[in-house]
Amino acid sequence: MSLTVATSTLTREEDRREEVAYGSPVHNSIMGFLIKEARLLDHRQLKAWGDLLAEDLIYKAPVRITRRVQGFADEFGTMGHFDDDYNSMMVRLTRLTTTDNAWSEDPASRVRRFITNVTVWETDQPDEYEVLSYLFLTRNRAEARDYKQLSAERHDRLRMTKDGFRLARRSILLDQVVLGMPNFAIFL
Amino acid sequence: MRHNARQDYLKEAMSQFIDLENREVSVAALHDEELYELELENIFAKAWLMIGHETEIPKTGDYVVRLMGEDQVIVARAADGQVHVSLNVCPHRAMHVCLADSGNARVHKCIYHGWAFRPDGSFIGAPIEKEQMHGNIKTKDQLGLKKARVELYGGLIFATWNHNGPSLDEWLGDMKFYYDMLFARTDKGLEVLGPPQRLTIDANWKTAGEQSACDGFHTLTLHGSVIDIGAMGGEADTEHESAPAMYGINLSGNGHSLRCIPADTSWALAHGKGDLTPEQRLEAFPPPGITPELLPELKRNMSPEQLHVLAKAPPVVGGMFPNMNILFIYSPLRDGSLGSALVLHSIMPKGPHHFEWTTYYFAEKGTPEHVKEMMRAAATHGTGTSGIIEQDDSDTWPHMTESARGVIGRTETLKYQAILGENRPDDWPDKAKVYEGFGKDDAQWEWWLAYHRLMTAGA
């Protein structure tokens with residue numbers, strides 16, 4: 001089994017077709033989806049966030065590796081901080097929302113997710129889009145003076161359904177090799 | 001404080017930090033900076049430390065950079081095919097020689113002045129050979145990277161700076177008999193499922209270190225959410241009666257420890273199948289990580305005594321002194337079957353108030369690829385950064401460390417006074433200290449005794 005995953009399998013550049021213009025109705029509606037998602041997560045409306053996930057979800061955050069500059073294609077490991085599908089994500093959400101002893105987020109962190117630099121591409125599927133966004137996240141907990149921060153880019157597959165967009169794939173490319181926060185009891 | 005003064009301080013201090021008679025440890029030990037410096041010298045520069053697995057560096061020149069205490073080392077496979085561990089500090093001007101955290105290189109060349117080293121750490125030379133920029137006081141043989149002593153065990157790479165100390169076998173002692181059931185049980189051995197997760201936890205390393213020595217008790221409360229969602233053997237309203245994963249056999253020796261727990265008492269999927277004989281159970285629930293296909297290999301590689309242990313109650317969690325945490329646990333897989341997650345953590349100190357939590361996932365080499373992928377996902381789901389079990393642990397250790405900042409808080413003690421006592425069952429091998437029953441503090445206290453021995457060994 002190989003130890004690294006080719007960066008291209010995370011970015012899925014080969015799935016991108018025509019770029020969707022910034023400010024166009026499709027771009028706006030996708031931006032709206034990403035903002036809504038961040039709002040639901042920041043406000044700990046986890047069940048409502050879970051409703052936005054497609055049942056064929058792939059949700060990964062591979063570990064990052066420091067490489068010589070020529071090695072970008074090998075900067076991500078087969079192991080990740082998340083390696084989830086729909087069912088495993090539902091177990092996470094059930095734990096956080098239905099039990100009263102999920103201590104890693106009880107008391108909860110105060111989290112803000114800032115989503116910027118959104119690029120949208122059409123794909124071979126008329127109702128599906130490849131979406132790249134930047135994430136900047138601040139997390140504060142208890143009386144901590146400092147914030148735990150995280151920056152990443154997210155490579156998403158969004159699918160338009162009769163109920164709106166659903167997240168079918170998210171590859172989170174983190175900028176930290178050694179994470180500064182003690183866990184991912186939060187979603188990215 | 002200079003080295004000698006620190007060691008003098010230690011003689012005084014250890015009796016205040018650890019109350020051997022009452023089995024208590026001062027909370028101040030989670031905060032004290034002098035003590036921390038001594039731990040780096042007396043423990044992390046003396047103990048055998050697990051720093052990776054040989055399947056991470058299969059080819060000549062492959063390397064990973066790892067920590068031994070706060071010292072960075074290059075772990076590389078050299079031209080002789082062997083794994084070498086060398087300090088990542090240039091003997092010229094102390095620059096880090098290796099700047100990536102993994103890769104392949106025939107030559108490690110320092111970017112500062114160009115001193116060059118082989119993967120085995122030996123010095124090749126400095127640029128402009130005729131000018132002999134390494135001088136003529138020291139020979140090239142004396143200018144290699146500092147080498148650690150290395151031993152491989154089940155492919156795990158262990159290293160120590162203690163060149164004249166015990167061998168790894170001696171270090172593990174009787175516990176090796178049990179560790180073999182995890183690390184040396186199949187023909188081809190384990191392999192890593194990728195490069196490790198790494199994260200920083202704002203806590204003293206000993207909070208996680210001592211917990212790894214069989215703290216089963218915290219499962220019921222800290223991991224109560226996992227019981228509540230029905231993943232473990234008990235149910236929320238009866239947890240205090242059913243106490244999933246609490247009854248078993250704890251083992252301890254030289255500060256190392258393991259908890260042996262029958263599958264049917266810990267995981268919901270195995271529940272209600274407790275009427276089997278040990279032999280039937282071995283067939284029905286091969287130990288974590290062993291697929292039915294690998295069972296014949298297991299039987300071939302293990303002694304009858306070891307097979308009996310594996311059938312009755314396989315070792316599933318525990319630690320290796322001073323800073324390794326082991327979880328070779330049953331775990332539901334994506335396809336609905338009862339599979340497993342094989343996880344090792346190392347706990348590397350980063351100052352008295354922080355440590356790096358490094359997480360490795362494994363599978364037996366003979367495991368089908370699609371099963372390896374499910375095992376990796378199961379391990380990620382349960383343990384490490386986002387693990388629904390371990391994310392609660394990472395919340396606890398910083399609180400303990402913060403308690404030690406208060407001048408009154410640090411006068412409190414960690415108490416290890418729930419004692420089961422050695423009580424080996426008749427059918428259990430006479431190896432290491434054996435505690436059968438509801439898991440108590442025995443093995444964790446043994447961890448502190450090993451800590452005490454090593455800290456005071458040179459004093």
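Me: Helices are DSSP runs of H or I with at least four residues, and strands are runs of E with at least two, both numbered from the N terminus; what pattern does chain A follow along its sequence?

Reply: Chain A reads β-α-β-α-α-β-β-α-β-β-β-β, with four helices and eight strands. This is a predicted model, in which local features need pLDDT of at least 70 and side-chain atom pairs count only at pLDDT 80 or more, while totals for chains, interfaces and linings use all residues. Residues are numbered from 1 along each chain as its sequence is written, chains are lettered from A and ligands numbered from 1 in the order in which they are written, and side-chain values use heavy atoms, without hydrogens and water.

Me: How do you know that the radius of gyration of chain A agrees with that of a compact globule?

Reply: The globule rule, 2.2 Å times the number of residues to the power 0.38, is applied to a radius taken over C-alpha atoms. For 188 residues a compact globule would be near 16 Å, and chain A has 17 Å, which agrees. The C-alpha atoms of chain A fill a box of roughly 45 × 45 × 30 Å along the principal axes.

Me: Why is A:Ile58 called partly exposed?

Reply: Buried means under 20% relative accessible area and exposed means over 50%, with partly exposed in between (1.4 Å probe, protein chains only); A:Ile58, at 36%, therefore counts as partly exposed. A:Ile58 lies in strand S3 (residues 53-64) of chain A. In chain A, buried residues make up 53% of the 188 residues.

Me: Which residues is A:Ile58 in contact with, leaving aside its neighbours within four places in sequence?

Reply: With contact taken as heavy atoms within 4.5 Å, A:Ile58 touches A:Asp84, A:Ala168, A:Arg169 and A:Arg170. A:Asp84 is 26 residues from A:Ile58 in sequence, yet their C-alpha atoms are 6.1 Å apart.

Me: What makes B:Trp171 and B:Phe321 an aromatic pair that is tilted?

Reply: A search of the whole structure finds 31 aromatic pairs over all chains. Rings of Phe, Tyr and Trp (its six-membered ring) pair if their centres lie within 6.5 Å, planes under 30 degrees apart being stacked, over 60 edge-to-face and the rest tilted. B:Trp171 and B:Phe321 are 6.3 Å apart centre to centre with 45 degrees between the planes, and their pair is tilted. The pair links distant parts of the chain, 150 residues apart, with B:Trp171 in helix H3 (residues 168-172) of chain B and B:Phe321 in the loop between strands S17 (315-320) and S18 (324-332). B:Trp171 and B:Phe321 are buried.
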